Amino acid sequence: MEFQGITGRFKEANAEALVVVFFKGEKATSGVLKEMDALARGALSSVVKSENFKGEKGQTALLRFAPKGKVKARSIMLLGVGDKADYTMSEVAAASGCATRYLRTRNHKKFAFLPRHEGDPTAVAQAAAQGFVTSQFELDKYKTKDKKEKLVSRLVVCIDGASPSDLKKGLERGRIVGEAMNFTRDLANEPPNILTPTEMANRAQAMANETGLKYEVLDEAKMEKLGMGSLLSVSKGSEQPAKLIILRYSPEKNTAEKGDLLALVGKGITFDTGGISLKPGEGMDAMKYDMSGGATVLGTMRAIALLKPTIPVLGIVAAVENMPDGKATRPSDVVTASNGKTIEILNTDAEGRLILADAVAYAEKQGANRIVDMATLTGAVIIALGDQNTGIMGNDQALVDEIIACGKENGEGFWQLPLSKEYSKQIKSDIADIKNIGPRGKAGTIMGAVFIQEFIDKAKWAHLDIAGTAWSDSAKPHQAKGPTGVAVRTLLSLVEKYQ
Ligand code: BES
Ligand code: ZN
Ligand code: ZN
């Protein structure tokens, strides 16, 4: 993919189409539209009239015109984005993606995009490039024919008055962020016979080698030594050995306060059958995405390595397969986690919290004083929040607020659910310290969080339940259906905030 930023001179853009954003209710004679209309010999204003083009969000019109003079483009695409007041940076990304997906079905390979957003040009260019990259992700990796149309290979972003270096910087950042999201999405989409815990570790290693992150992996013997009986209880029923993947980013120039270390910790269940507490067969196939939290950590770490923020970040993925077997953990088994707490496992399908328990404790032992874990942890969060908001909970309101604010900047919704001692009481076990489920049908998402909280000692901690947001059941104009790459952008903003 190729990117170019230009200021003002959109007529000279090396592109087949000029895509221009159109706000709801505006006239075909306003601003740059007037210039374009002249270029197209009045075709723009006549389409607006004849197609009753109002600039509603998602409305599109493609008009072909005979170019004049040096102009290369042969078509103009009008792209409705709705009210100007609602046109945020993430809407710029969506608009860019929408145009890309629209034009690729009309055989365009390159287009120039006029985002018409008055914000920081670097951020606008970044959003445009990110939307361009993420819009072209498809689920058809394993198809041998009928693959989606060829890629749109070139994006020219036109922003009036921007400096070339700002544009270049924004486009490069957008490409990195978009590719990181697609990296996450590709992992989440992998079938579980291919993406085993070992393969997930291999992909992490290859990525680390490419980007300069430090990579380490703990095998089951190592984890045994560290007393990670909670994590290991989940992999007991699987032929696939568990892996604890550790990635370290250390900045060349470190601006972190002494002792500050942020850790991102992800649930990497490469397939969740439920174990002995077996899930119903129908819909079980969806559980290949149960490693989405881990994939989010890997994608985010990839972008961190390339964007080079000035704070250190630790990335940890607990990669485990949850299977039923003669050796599998039984409901009523008691295990001991690495922090010494004993757990009565009453449901082997509540396995995400069991692997995260040892993973977050490990992160803290490695020196993390801020921990953000992410997981497709509960079906209950889908019932509570659907696919529009990630559930967020934590022990530090400032950290939770920061993540929610970073989410807003990126068009990603996070909705906080409460934690309290009263909730924590509900996972007390009769025979061990804690049990891995709460009362049936009650606050399932919170029960998952208060369980993980038992394994945080002093760190500030937030837990993201992405079960509803990591996968989209339907295609959007700017995005294929399937894995969304949710939280990658938000976490990158968080890292930048701390630098
Ligand atoms: N991976 C699932 C959560 C999940 C369920 C995600 C459905 C997406 C759709 C998790 O491991 C799980 O099975 N959780 C149980 C917990 C329960 C046994 C306390 C759940 O949500 O039903
Ligand atoms: Zn489960
Ligand atoms: Zn699970």
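What spacing do the donors of the zinc ion (ligand 2) follow along the chain? They follow D-x76-D-x1-E. The model is predicted.

**Zinc site**

- The protein donors of the zinc ion (ligand 2) are Asp 272 (OD), Asp 349 (O), Asp 349 (OD) and Glu 351 (OE).
- These protein donors lie 2.0 to 2.2 Å from the zinc ion (ligand 2).
- Asp 349 is listed with both O and OD, whereas Asp 272 is listed with OD and Glu 351 with OE.
- Six donor atoms surround the zinc ion (ligand 2), and the arrangement is irregular because the angles they subtend run from 72 to 168°.

- Asp 349 has 22% relative accessibility and so counts as partly exposed.
- Glu 351 counts as buried because its relative accessibility is 1%, under the 20% limit.

**Largest cavity**

- The largest cavity has a volume of about 70 Å³.
- Its lining includes Ser 233, Val 234 and Gly 237, together with Gly 275 and Ile 276.
- Asn 322, Met 323, Ala 328 and Thr 329 also line the largest cavity, as do Ile 345, Thr 348 and Leu 354.
- The lining residues of the largest cavity divide into six nonpolar and six polar, with no charged residue.

Notes. Residues numbered from 1 in each chain as written. Chains lettered and ligands numbered in written order. Predicted model: local features only at pLDDT ≥ 70, side-chain atom pairs only at ≥ 80, totals over all residues. Heavy atoms only, no water. 1 Å grid on protein atoms, 1.4 Å probe; cavity = no way out; pocket = protein on both sides within 12 Å on 5 of 7 lines; lining within 4 Å. Points joined across faces, edges and corners; volume = space filled by probe spheres on them. Nonpolar A, V, L, I, M, F, W, Y, C, P; charged D, E, K, R; others polar. Donors = N, O, S within 2.8 Å, 3.2 Å for Na, K, Ca; no water. Tetrahedral: all angles 85-135°; square planar, octahedral: opposite > 155°, others 65-115°. Buried < 20%, exposed > 50% of the residue type's maximum accessible area, 1.4 Å probe, protein only.
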